[in-house]
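Have a look at the model first, then read on.

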Amino acid sequence: MFAYIVRRLALMLVTLIGISIIIFVLLRIVPGNIVDILFDAAGFVDPADKANLEKELGLDQPIVIQYLHWIGGLLHGDLGYSYVSEKPALQEILPRIPITARLAGLALLFSASIGIPLGVISAVHQGTRLDYALRVVSLSGLSLPSFWLGLLILMASVSLFGSMPIFNPNPRTWTEAFAIYCVPAMAVGFRSAALTMRITRSSMLEILRQDYIRTARAKGASEASVNYHHALKNAILPVITVIGIEAAFLIGGLIVTETVFNIPGIARFLVEALRWRDYPIVQNLVMLIAVVVVVANFTVDMLYAAIDPRIRYTD
Amino acid sequence: MRSVRTLAAAALSMLAAYDVSLAGEPKQGGILRIYHRDSPGSASIHEGATYSINVPFMPVFNNLVIFNQSIAQNSVDTIVPDLAESWAWSSDHKTLTFKLRQGVKWHDGKPFTSADVKCTFDMLMGKSQQKFRKNPRKSWYDEVADVTTSGDFEASFNLKRPQPALLSLLASGYTPVYPCHVSPADMRTKPVGTGPFKFVEFKANESIKLTRNPDYFKKGLPHLDGIEFNIITNRSTAILGFVSGKFDMTFPTEVSIPLLKDVKSQAPNAVCVVEPNNVSTNIIVNSSSPPFDNIDIRRALALALDRKAFISILFEGQGDIGGTMLPAPGGLWAMPKEMLESIPGYGPDINANREQARKLMQKAGYGSDKHLQVKVSTRNIPIYRDPAIILIDQIKSIYIDAELDVVDTAQWFPKVARKDYSLGLNLTGNAVDDPDQSFYENYSCGSERNYTNYCNKEIEKLFDEQSVETDVNKRKKLVWEIDKKLQEDVARPIIFHARTGTCWQPYVKGVTVMVNSSYNGYRYEDVWMDK
């Protein structure tokens, strides 16, 4: 097991180095750099000014040197300077991480706490009206775009309550704090909940047909014990995989929700930085997302072993 | 002449004051909450080329002179003193001298002097040790030989030749005075001014906060305790925020006509105005390469335009037809209607114009059996894309089959500056309603923003001729001739001048939306809230 973990960690490191190269090269391949963009709408641009700015930002150096400079800084905890705000990239990125993490965490919590129980209920009541109703709900969750749902929620809250739950860094009341995080989390978590519910349902249906479930029932175990103790415990593995993938997706994939609810998280910041070709911000944020994805995958693999004692990682 | 102008300005100020008294005595206090359409790249107005910077940061600064903030139409007659107490032209109109206010302090407590004026303009002219990272309006000061000071409270602009427009350029929201003792880099992140509001913080993609300057040299101003700009890039969210009362005001001149209807239906008490913003939508034609190096094809293109159709489809009729200069009544330099309609393509009979266009196309070798295939390049945002689609539809009638080529914003200006396009649809904004600003920038040979490569030495002489002319009426006539010639030469066919909306809650008072520029009216020192 120890050797397996070491090998996985080494593989993670290689993956991250590979990703860093891909991020760096792809960013430079995209046409247009920050200097072009900064000067874009300006009239009578002096080419010497442009050259000076390229030099100031280090963009006149060969790409390999620029890469080594970035990686060297990264290893020392120096993420460079944002070209746009002229502040340290770390200072720009750090305050945004908890906001997105809170939103993603709440969305995942919503997704798991709604998706798993409803998936179980749907499977246990297969073929009933309740099952059909829940399947319609889950299909809706997968079909409704989150930006549309978000806008609908905003419109409804303006129309019904005369206010709207957009971000406020200093919420005055507990209800405001609840609204600014939980409402967007529900809007984005609805899709995740629907996915979790479908996976839980199909996994449960497969498990409920197993012989050991029949045996448990024959031995007189209660329905609740059969469904939650015997069946769900074994049906949960694919659900964990999906939740792991969703967790990784949510860190970078909240762009639409962050835009609609005006939340200053990392996803919206990443898109803005990309628009400005603010390389230090973009490459560090994408690296952060890559780290989250790799770590989430690793955690899911470890959870398998913890949940199912039959799984043992060996050399 | 000067006294007539002063009298007119005084009369207009009295009218404005009368308006204020009708609205009641201004109340002190309150934070004005405005949503901002995007996150400005920096806080330095001099390094910016978008009003996304002017709107939040103009209240931090003062100019030497400024367009009266309570009069909607900017003109030389509405220019009032700001950091300058008074100004005077020399008899040969080659020296403009400003007497400066005494006792003015920068927000960091240091005194304002003529050295700051010299510093600012030396930097703008590229003559100082300290440099702006970019200096988009350097050409505004091409005719200024140098700026000299006499003591701490007098500064003079010495010109190479008379340029009456200089005063208007100095009155623009784009021309604040910067402090000598703060570096350009610091001005991009923590601006220091003398203005009615002090800078508090700028969180990119989040908010910009300003607070009242208690030591402002204009006693009793500003009325507000502060201004907060919440950056909301999603238009629907922003408008919903305004409707729900989260914001006191929309981002100026950013509400489209269809959205304005939504606002009025959901917030019927909101005060909304629709005004021209001096941004023209125009066609850029690369005249240096085929097929548009052929003047007949360029003329045919201009003749094919049905400008009214553009305005009725995109703005429900709320737009203006004109030449390069903003049409009247908002614009000061527009050609008279009869003159405009005498230009090919501006006549009311669209069918006759297009028949003429088809003949020109046939002369160039195209017809119903041989269409010209082109791409219409434009920036990938609705205000560019939507008119480009209408353009493609209209030029089908003259044997031109065009395909839409949408270009990422980051690539758009570099692409047109490289002249890497054949036919494009572009928007041109004017910070000051003055021919000097528009003609040299967009039509002079070699100018970087002369995207069409249009170059006519004869017309350049006329640019200079109008620029030195001190008699406004004579200058106007020259400007009309130039504008007419530019349209006839199909230098950059103007399709329309847009109008856009601004809304505010009924308790917000003292807001004036400028009608001939969207860059100059954001000092907010007279704004107050009746609540």
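Two residues are taken to be in contact if their C-beta atoms, placed from the backbone, lie within 7 Å. With that in mind, here is a tour of this predicted model.

**A helix pair in chain A**
- The axes of α6(A), which spans residues 96-124, and α13(A) come within 8 Å and cross at roughly 125°.
- The two helices, α6(A) and α13(A), are therefore oblique to each other.

**Where the chains touch**
- Chain A brings 36 residues to the contact, and chain B brings 34 residues.
- On the side of chain A that touches chain B, the elements giving two or more residues are α2 (34-39), α3 (47-56), α8 (146-161), α12 (255-260) and α13 (266-275).
- That side of chain A has 20 nonpolar, 7 polar and 9 charged residues.

**A mostly covered helix in chain B**
- Helix α6 of chain B, residues 235-243, has 7 of its 9 residues buried.
- Those buried residues of α6(B) run from Thr237(B) and Ala238(B) through Ile239(B), Leu240(B) and Gly241(B) to Phe242(B) and Val243(B).
- They pack against α8 and α12 of chain A, and also against β1 (31-36), α7 (257-266) and β16 (494-504) of chain B.
- After α6(B) comes Gly245(B), with a positive phi near 90°.

Terms used. Residues are numbered from 1 along each chain as its sequence is written. Chains are lettered from A and ligands numbered from 1 in the order in which they are written. This is a predicted model: local features need pLDDT of at least 70, side-chain atom pairs count only at pLDDT 80 or more; totals for chains, interfaces and linings use all residues. Helices (H or I, at least four residues) and strands (E, at least two) are DSSP runs, numbered from the N terminus. Ala, Val, Leu, Ile, Met, Phe, Trp, Tyr, Cys and Pro count as nonpolar, Asp, Glu, Lys and Arg as charged, and the others, Gly among them, as polar. A residue is buried if 20 or more other C-beta atoms lie within 10 Å of its own, exposed if 12 or fewer, and partly exposed in between; C-beta atoms are placed from the backbone. Axes are lines fitted to C-alpha atoms, for helices over the stretch in contact, and angles run from 0 to 180 degrees between N-to-C directions. Angles under 35 degrees count as roughly parallel, over 145 as roughly antiparallel, 65 to 115 as roughly perpendicular and the rest as oblique.
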